[in-house]
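Dear colleague,

Please find below the structure that I am handing over to you. My notes on it follow directly after.

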Amino acid sequence: MADDRKTTEERQRMTDIERIRHSCAHVLATAILRIWPEAQFAAGPPVENGFYYDLELDHHISSDDFDKIETEMKKIIKENQPFERVVVSRDEAIRLANEGQLGALGPRPMPSKFKLDILRGIPDEEEISLYRNGDFTDLCAGPHVMRTGNIGAFKLTSIASAYYKRDANNPQLQRVYGTAFKTRAELDQYFALLEEAKKRDHRKLGRELELFHIDEEVGPGLVLWKPKGAIVRKELQAFISEELGRQGYTEVFTPHIGKLSLFRTSGHYPYYRESQFPPLIEPETLAKFAEEGCSCAELSNRLMKGEIEGYLLKPMNCPMHIKIYASSQHSYRDLPVRLAEFGTVYRWEQSGELGGMTRVRGFTQDDAHIFCTEEQVLGEIQGCLQLVLRILNTLGMNSYRVRVGLRDSDSSKYVGTSEQWDRAEDALRESAKNLGVPFSEEIGEAAFYGPKIDFVVKDVIGREWQLGTVQVDYNLPERFGLSYVAPDNSARRPVMIHRAPFGSLERFCGVLIEHFAGSFPAWLAPEQVRVLPISEKHLEYGRSVSGRLLDRNIRASIDESSDKIGAKIRLAQLQKVPYMLVLGAREEQAGEVAVRSRKNGDEGAVSVSEFVERIQMEVRERQRD
Ligand SMILES: [Zn+2]
Ligand SMILES: [Zn+2]
């Protein structure tokens with residue numbers, strides 16, 4: 001509480017639901033004290049999706065205790081106790097804490113040690129307030145709901161351990177988590193959603209459907225795309241590429257490493273070195289320093305100062321694309337130049353933050369850089385947004401919003417003139433408006449080098465995912481001295497736009513796995529069709545059918561096992577194959593296939609060519625099922 005104390009103003013911003021949840025934390029503490037009066041409480045804030053309260057207690061609370069605690073909590077809510085705010089002097093608060101009365105139901109033999117410590121951290125000028133409900137008194141700045149009865153519905157969810165003030169030198173506390181809502185229906189809906197999210201977890205589905213693998217020996221946060229996952233990625237990449245081509249982008253390839261000096265010019269090194277893999281050093285340099293007995297610390301110091309050269313695994317693609325732009329002369333007639341690359345970059349994420357495909361150390365961005373004139377910024381931003389919307393709509397992600405990150409009033413920290421900024425910010429705002437996309441303006445969220453747009457999409461179960469950005473940049477063209485020849489023959493500076501609207505293919509595929517719950521539409525499905533002969537008598541026919549499909553570039557396979565047809569169907573369904581073709585005597589005689597779709601089940605028999613036509617159209621049009 002004291003280590004990341006909120007200002008009174010920040011507290012007043014607590015939303016209604018946060019008030020309910022935080023008030024529920026007080027009810028939780030009251031209930032625990034009724035059962036274990038000796039419990040020592042520390043902090044109990046609202047958090048995303050719920051609340052917790054940290055406490056010290058000899059009894060180890062487990063989920064087996066939840067029933068007992070919840071029963072007590074229900075009583076307290078039924079008692080409809082008012083939450084009463086009392087302002088006390090510092091001395092009075094200290095006296096109460098020493099008597100064990102804070103975070104307690106009354107005086108106790110031991111002082112309320114954590115509350116005492118939190119008290120010491122409250123600045124002198126700040127008012128000290130207590131909150132009372134029934135017999136329970138807590139040191140708290142609030143705010144709360146009016147009465148315990150205002151807590152509509154709640155549930156304890158889990159237990160964890162946490163060091164007091166997140167410091168391993170402090171005592172380890174028990175953290176009881178719970179959540180609360182205004183109504184029972186909202187609570188039920190929340191848990192149903194959680195259940196659904198668990199089923200859709202891309203780490204679980206990625207393993208079950210053999211899409212990707214992360215291997216400790218390869219390294220945490222480094223994704224291995226298995227054959228089936230590679231198909232999904234390739235199809236997605238091809239789709240994006242097609243759209244890029246339509247919008248006049250040209251694709252390039254650049255290496256995974258580049259000289260440190262390049263990243264010094266761009267400013268990525270050494271300023272962002274905390275989030276990069278350390279530099280690579282040439283063998284000769286390394287040998288020379290080993291001979292001189294140079295220490296590691298010295299080496300890293302000299303690298304940072306630029307006294308020795310090395311290479312960096314690229315954390316960004318921009319400097320490479322800039323070098324491509326700068327490698328030829330440009331006139332205003334050539335602009336905009338739009339360079340796109342599925343460029344793999346490497347960033348050093350803390351290992352605790354890594355997870356599945358969404359937080360990784362190596363990832364491939366759907367990156368592009370646009371070099372244009374001031375006047376072209378609006379049109380280019382608009383183009384970027386259109387591209388994103390087209391792709392999201394195709395994928396059935398029809399709910400999205402954008403956040404426009406603008407500068408704040410402190411003009412000294414921004415690169416570029418205020419006229420340029422006004423123009424770029426207007427362009428971002430205009431583009432969002434013109435497309436009719438819901439957007440919010442966030443003052444102070446711009447980077448020092450330019451304003452930006454972030455994309456947030458909602459998946460089918462209503463969860464929001466932050467994807468990538470479109471960013472205007474006045475800084476890098478300056479640092480690299482980029483230019484183009486204007487109509488009056490003078491050399492002008494182009495504006496640069498960075499855009500990686502989906503962030504990375506890893507993250508985006510992770511989001512898509514969850515969005516589709518692994519049931520990819522036919523165009524993305526690793527296996528589009530599975531041929532299921534009813535018995536081995538029809539194997540030959542089955543092979544000829546799957547052969548015809550493969551000839552037409554349809555990703556088909558045949559189940560040649562001796563399993564019963566029911567089992568074959570169940571397996572294909574479990575592996576989320578969009579189409580199953582069931583083949584028996586009737587189908588073989590008529591030269592037909594009995595189509596079974598993942599979504600609708602039995603769809604009746606058609607000729608092989610009719611089925612081929614149908615699925616080819618579905619894939620070509622990138623239909624969803
Ligand atoms: Zn409180
Ligand atoms: Zn960039």
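In what order do the strands of the open sheet of five strands stand, and with what pairing? The order is E24-E23-E25-E26-E27, and the pairing is mixed. Strands here (E, at least two residues) and helices (H or I, at least four) are DSSP runs numbered from the N terminus, and two strands pair if DSSP finds at least two bridges between them.

Before the details, a word on the source: this is a predicted model, in which local features need pLDDT of at least 70 and side-chain atom pairs count only at pLDDT 80 or more, while totals for chains, interfaces and linings use all residues. Residues are numbered from 1 along each chain as its sequence is written, and chains are lettered from A and ligands numbered from 1 in the order in which they are written.

The sheet and its helices

Strand E24 (556-558) and strand E27 (601-607) form the edges; each has a single partner strand, so one side of each lacks a neighbour in the sheet. On average, neighbouring strands are turned by 25° against each other, direction ignored. Axes are lines fitted to C-alpha atoms, for helices over the stretch in contact, and angles run from 0 to 180 degrees between N-to-C directions. E23 and strand E25 (residues 579-583) run parallel and are joined by five bridges; Arg530 stands opposite Met580 in E25.

Helix H18 (residues 565-574) packs on the sheet and touches E23, E25 and strand E26 (592-597), with its direction at about 170° to that of E23. Helix H20 (residues 608-620) also packs on the sheet, touching E23, E25, E26 and E27, and its direction makes about 120° with that of E27. Contact requires that the C-beta atoms of two residues, placed from the backbone, lie within 7 Å.

Backbone features

Most residues other than glycine have a negative phi, and most peptide bonds are trans. Lys165, however, has a positive phi near 55°; this residue lies in the loop between strand E7 (153-163) and strand E8 (172-181). Ala517 likewise has a positive phi, near 50°, and is located in the loop between helix H16 (505-515) and strand E23 (529-533).

One joins Tyr269 and Pro270, with omega about 0°, and Pro270 is in the loop between helix H9 (260-266) and helix H10 (283-291). Another joins Leu335 and Pro336, with omega about -5°.

Yours sincerely
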